[in-house]
Amino acid sequence: MTAEAKPASPPLTERQEARRRRILHAGAQLAGRGGFEAVQMREVAEEAGVALGTLYRYFPSKIHLLVATMQDQLQHMHATLHKRPPAGQDPAQRVADTLMRAFRALQREPHLADAMVRALTFADRSVSPEVDTVSRITTAIILDAMGLEHPTPEQLSAVRVIEHTWHSALITWLSGRASIAQVKIDIDTVCRLIDLTNPDATKPSDAPQSVRQ
């Protein structure tokens, strides 16, 4: 093990996991009512029924807590999409439909969405593992919608650009600088990258044949 590597944390017991779920629920409730500023660690502890010191052992800051809440929300969306997968005819359409479904889920709780997005924006290196997990789940959601198990490097690059666009569209909508219709146009447009990076899009047999004189 290198000097930078950290030992893996032991899995939570059933009781610890239940406590963690209460904390996440309490944080989401406070954020849903008043946004980022409403999430105060002491109030989260009181609402979750845990000691403040216990809360900090699970989540060292409210940034950690809100990024973990985003992770939790995305995992729930991923599970829902497994039960009701998108029905588009092609990968680009399925991904666009999936991301708009996720967007509308966040739209129903704008204060919570704003709090989670602000936490992701403010996150420093100490929150990197949690932020990386959020990115991995988002990538998995997009790849599932594409129907890909073994994406090429070009396809993974397209997925990253799609993720960045989705995140940016969410920020511009939350700030009042974009309408839902504009968000949909941006998502539909960036998802066309999926077609451009499809290795089967242009087959040798499709190429024009040279004509001998």
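The largest nonpolar core has 60 residues, and Ile 23, Val 95 and Cys 191 have the most contacts inside it. Helix H4, residues 62-83, gives the most to this core, nine residues. This is a predicted model, where local features need pLDDT of at least 70 and side-chain atom pairs count only at pLDDT 80 or more, while totals for chains, interfaces and linings use all residues. Residues are numbered from 1 along each chain as its sequence is written, and side-chain values use heavy atoms, with hydrogens and water left out.

Some terms. A nonpolar core is a set of buried Ala, Val, Leu, Ile, Met, Phe, Trp, Tyr and Cys residues joined through side-chain atoms within 4.5 Å. Buried means under 20% relative accessible area, with a 1.4 Å probe and protein chains only. Contact means heavy atoms within 4.5 Å. Helices are DSSP runs of H or I, at least four residues, numbered from the N terminus.

Now helix H1, residues 14-34. Among the buried residues of H1 are Arg 19, Arg 20 and Ile 23. Leaving out residues up to four places away in sequence, Ile 23 touches Val 44, Ala 48, Val 50, Leu 55, Tyr 58, Phe 59 and Leu 65. The cover over the buried residues of H1 includes helices H2 (41-48), H3 (52-58), H4 and H6 (110-122). After H1 comes Gly 35, with a positive phi near 80 degrees.

Methods:
Buried < 20%, exposed > 50% of the residue type's maximum accessible area, 1.4 Å probe, protein only. Helix = DSSP H or I, 4+ residues; strand = E, 2+ residues; numbered from the N terminus.
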